[in-house]
Amino acid sequence: MTKSAIIIGAGIGGLTAAIKLADAGMLVTVVEKLDRPGGKMGEYRLDGYRWDTGPSVITMKHIFAALFAESNRRIEDYIELVPLDPITRYRWPDGTLLDAVSDQDSMHVNMRQSGFSNKDIDGYDKFLHYAGEIYSAVRLPFLERSQPTIKEILRLPVRDIFKIDALRNMHAAISAHTTNPKLIQLLSRFATYVGSNPFQSPATLNVIAHVELSMGAWYPRGGVYQLALALERLAIEKGVQFQYGTPCQRIVTANGVTKGVLVGDNNPLFGDTVICDADHTWAHENLISAASTKESNLRHKHHERDPISERSPEPSSSGFVMLMKASINHAELRHHNIFFCPQNSSKTEYSHIFDKLIPPTDPTIYVCATNKTDTKHAPEGRSNWFVMVNAPYITKYSNWSVDSIGYGQEIDSTMTSRFGLSGSREVVQYWTPNTFQSTYNGNKGAIYGISSNSRLAAFKRAANRAPDIRGLYFSGGSVHPGGGVPLAVLSGTAAALCAISDFDRYG
Ligand SMILES: Cc1cc2nc3c(=O)[nH]c(=O)nc-3n(C[C@H](O)[C@H](O)[C@H](O)COP(=O)(O)OP(=O)(O)OC[C@H]3O[C@@H](n4cnc5c(N)ncnc54)[C@H](O)[C@@H]3O)c2cc1C
């Protein structure tokens, strides 16, 4: 008999899981509260401008190519992934400008031109070599399989356990490779790609620098949102049904087994398997039926002796985003631009976001201008700025509904006064932690689920298979292997593979 599956949420993890399950011959229905696919990967258009509203840096192209290839399709028939050169233009308040590229020789030339010494270049190379070793050690056990247990990690070859470098923090490991404060600032920032603090998260996360700086970054022609549309198209071709504007109200279980979901006005939708792509914490608090929560609580009590599950995971950071119409298409901007805060404010920025839980007073500012690659994304001579700074998850210490406009104005004046970017900018949309919470059901507005601000972070992340409800699985950036678009694809694959193997086992 053909098995049926319901996916809650058409985020990247949910779309991937849908494709995988349909490929395995299942009848798949995706229910999504919004009226479009992609989840956090969205877009906005106004007055001849176009912006991506979520992810803008796409790394690990091979993961997307493999997803299409495993479905007997060629990715290039669905989407053009343009390699970005430079990947990012970095600027510091003292006027230093560095174009980061993945070709090592060109990077050396750029570093020299930007005033970095041979010692700095040597430190940078050694750091990237070290980060590449982390990648080769974590790729299989951590990224491309379902969540490993501590026992499984301890069974890895000893040299790989050392390479994973989980005992010191990211910042300490970076500082052991270079003493140049600008490079330390640049390399530490990769912690924020998963909503974490480089002073607290394990050095293992230095793998992110390798993934971007050595392997490169891509831009889906037409906008990052085209990637979501490409996955939706592939899913539809495989027979997946989409129900948009359909919030799931409950996951229904009986005797510890999933039966389906309730959607809209509590209409039942039956399914042998449910994969939940909504934020894991939010889903646990809102979707799991009272009966199964009771069951689940009992089991959690049983788990309480495990020191890892005792601590409640800290949400990742969130973000403050402005979509802006810029009156000038500045020649000195590239597709991705980072404007660093002064080096002596860098530690304060992290402490504001992760310790004090307040919007940083002098943040590092990211500007993405896709019109640098797709000229049609802004009227001629103008630019479509996506401006983002890192921000804390929602607590009583911030009040975005009151502070957003003033905070945005401060950021805009920094761009003028500190970095000399002239012209006027008009904000057409603000995205705050409140918006991320209400639009996507992100727990406390966190963008990446839980933070990695502890040595055991990888083990605190929820697994792809529910431990206590048969037939329930989780995908997306809030569960294993973690946040970011490529990892959301891996999570969707892992969740689907768990479901398929359970069918083989239990029928
Ligand atoms: C501003 C911003 C910038 C980012 N930048 C980058 C970047 O540059 N590079 C990168 O790799 N990553 C980036 N990310 C992170 C990346 O977007 C996410 O990690 C990834 O897209 C998450 O995918 P997901 O599968 O977890 O689904 P999500 O995108 O979280 O989608 C979940 C879906 O579930 C739906 N849903 C929730 N509850 C229900 C319900 N009850 N019923 C039905 N549907 C429901 C939501 O509406 C949503 O569509 C960024 C994110 C944001 C917000």
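Predicted model: local features only at pLDDT ≥ 70, side-chain atom pairs only at ≥ 80, totals over all residues.
Let me start with Y506, which is partly exposed at a relative accessible area of 44%, where buried means under 20% relative accessible area, exposed means over 50%, and partly exposed is what falls in between, with a 1.4 Å probe and protein chains only. Y506 lies in helix 18, residues 485–506, and the helices here (H or I, at least four residues) and strands (E, at least two) are DSSP runs numbered from the N terminus. From Y506 to G471 there are 35 residues in sequence, and their C-alpha atoms are 10.0 Å apart in space.

Residues are numbered from 1 along each chain as its sequence is written, and side-chain values use heavy atoms, with hydrogens and water left out.

Now to the overall division. By an automatic or database domain assignment, the protein splits into domain 1 (4–41 + 224–310 + 453–506), domain 2 (103–214) and domain 3 (317–440). The centres of domain 1 and domain 2, taken over C-alpha atoms, are 30 Å apart, and their contact (heavy atoms within 4.5 Å) takes 16 residues from domain 1 and 18 residues from domain 2. Together these two domains bury about 1,300 Å², 60% of it on carbon and sulfur atoms; buried area here is the accessible area, with a 1.4 Å probe, that two parts lose on being put together, summed over both.

How many salt bridges does the rule find across the interface of domain 1 and domain 2? It finds 0 there, a salt bridge being a side-chain nitrogen of Lys or Arg within 4 Å of a carboxyl oxygen of Asp or Glu. The structure as a whole, however, holds 20 salt bridges.

One of them joins D23 and K238, whose closest N and O atoms are 2.9 Å apart. Because D23 lies in helix 1 (residues 12–23) and K238 in the loop between helix 10 (225–237) and strand 9 (241–243), this pair ties together parts that are 215 residues apart in sequence. D23 is partly exposed at 35%, and K238 is partly exposed at 21%.

Another salt bridge brings together the side chains of E80 and R221, at 3.2 Å from N to O, and this pair also links distant parts of the chain, 141 residues apart. E80 counts as partly exposed at 41% relative accessibility, as does R221 at 33%.

A further salt bridge, with 3.3 Å between the closest N and O atoms, connects E237 with R233; both lie in helix 10, 4 residues apart, which is about one turn of the helix.

Finally, let us turn to helix 14, residues 343–356, whose 14 residues should span 20 Å at 1.5 Å a residue, and whose end C-alpha atoms are 19 Å apart, which agrees; the expected span is 1.5 Å times one less than the number of residues. Which residues of helix 14 are buried? They are S345, S346, E349, Y350, H352, I353 and F354, and they cover an arc of only 160° around the axis, which puts them on the same side of helix 14, the arc being that of the directions from the helix axis to the C-beta atoms. On the other side, N344, K347 and K356 are exposed. What covers the buried residues includes helix 8 (181–188) and strand 17 (383–391).
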